[in-house]
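Look at the structure below and follow how its parts pack together.

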Amino acid sequence: MVSMALATPLLPFLPLAAKQILLNNFLSDLPSVFISTDNVDEASVRTAQRWNVREVRRFMVTFELLSTTFDLATATRRRSARHRGRLHPEHRGRQGVVLPGTQRIIAVGLSPDRERADVNPRISELLERIRLLETEIEQELKQRRAELHADFEDRRIRFEREVLEQQRRFRMGMLSYLREAELRNVITAPVIFAVIFPLVLLDLFVSVYQLVCFPLYRIPRVRRRDYLVFDRTHLGYLNWLEKINCAYCSYANGLAAFVVEVIGRTEQYWCPIKHARRLQQQHTHYAGFVDYGDAEAYRRELRSLRESLARLEDGIAPAAGTSS
């Protein structure tokens, strides 16, 4: 309808008559009837799903621009044919028939893959149970944290003093700490802290990589702050050297988890295939990969696995098995 409104000033006649507009609306609603016959994973209907507004917006803008461009090009061509006297009067409403036809083809072509819903239903059910259990645990933890937070607010000053005084009784002085340190720990300390240089370089290169490539792949970037957590420095029973050690370990392990998530999303985009052998450690996206040797499933699901990355919340890793 937007393209028809724009084409009206270009043409010496109305692009669509009243009956054609009604017919167009009817043909537009007809494919929606078949939505009720589409199959989806059983896990998708157990809990409410959240719309990805970014994906919907990109879809609407892309296809609306394509449709409008096609209609305006057709209107321009018909206008030039009108001036040359080659446009027969009975062909004036042909554009109103071409557009609904292309819309129907797109609507049918974009319908969900009905075969995908039947792939590994038992695995999907088990993964959904795991996700529900993780959700319940997180809700219980949130409720407990909320209760403790309220209790802390009522006794904030007295509670902090009591805790800090209790913790400081276990803090070891620097001289005692260095005197009791084992020789092997002292000798290897420079080697351990020398690893900070490749860690920083790895952090830099991985951050630049996802900053440049993830927007092109339409993959949400991973937030470093979700993986690099430095909260042990608030503990009163650690001296300043122990706090440095804990901060260093937090950075190294947090960086490793950050890199694994970035690489996991990259692997799902380029090679979402499970290994033939069982892995000791798997990233959160691995459970949704296609089975080893299943060529048909790989070709069928590669595109949907890539599109599922775009539906991830910015920076947040999904639960195991939810990436597909």
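The largest nonpolar core has 18 residues. A nonpolar core is a set of buried Ala, Val, Leu, Ile, Met, Phe, Trp, Tyr and Cys residues joined through side-chain atoms within 4.5 Å. Buried means under 20% relative accessible area, exposed means over 50%, and partly exposed lies in between (1.4 Å probe, protein chains only). Phe214, Tyr217, Ile219, Val222, Leu255, Phe258 and Val262 have the most contacts inside this core. H10 and H11 each supply at least two of its residues, and H11 gives the most, with 7 residues. A second, separate core has 5 residues, among them Val290, Ala297, Leu302 and Leu305.

This is a predicted model, in which local features need pLDDT of at least 70 and side-chain atom pairs count only at pLDDT 80 or more, while totals for chains, interfaces and linings use all residues. Residues are numbered from 1 along each chain as its sequence is written, and side-chain values use heavy atoms, with hydrogens and water left out.

The chain has 12 helices and 0 strands. Helices (H or I, at least four residues) and strands (E, at least two) are DSSP runs, numbered from the N terminus. Of the 324 residues of the chain, 26% count as buried. Contact means heavy atoms within 4.5 Å. Among contacts in the chain with a separation of 6 or more, 70% are between residues 24 or more positions apart.

How do H10 and H11 lie, and at what angle do they cross? The axes of H10 (residues 196-217) and H11 (residues 240-270) come within 10 Å and cross at roughly 30°. Axes are lines fitted to C-alpha atoms, for helices over the stretch in contact, and angles run from 0 to 180 degrees between N-to-C directions. H10 and H11 are therefore roughly parallel to each other; angles under 35 degrees count as roughly parallel, over 145 as roughly antiparallel, 65 to 115 as roughly perpendicular and the rest as oblique. Residues of H10 that meet H11 include Leu199, Asp203, Val206 and Phe214, and those on the H11 side include Tyr251, Leu255, Phe258 and Val262. By class, this contact of H10 with H11 has 17 nonpolar, 3 polar and 2 charged residues. Here Ala, Val, Leu, Ile, Met, Phe, Trp, Tyr, Cys and Pro count as nonpolar, Asp, Glu, Lys and Arg as charged, and the others, Gly among them, as polar.

Tyr217 touches Tyr209, Tyr269 and Trp270, not counting residues up to four places away in sequence. Arg224 sits in the loop between H10 and H11 and is partly exposed, with a relative accessible area of 33%. With the same exclusion of residues up to four places away in sequence, Arg224 touches Asp203, Ser207, Tyr251 and Phe258. Arg224 and Phe258 are 34 residues apart along the chain, and their C-alpha atoms are separated by 6.4 Å.

H9 (residues 183-194) packs against H10 at an angle of about 15°, with their axes 5 Å apart. That makes H9 roughly parallel to H10. Ile192, Phe193 and Ala194 of H9 make the contact with Ile196, Phe197 and Pro198 of H10.

Arg265, Gln268, Tyr269 and Trp270 in H11 meet residues of H12 including Tyr298, Leu302 and Leu305.
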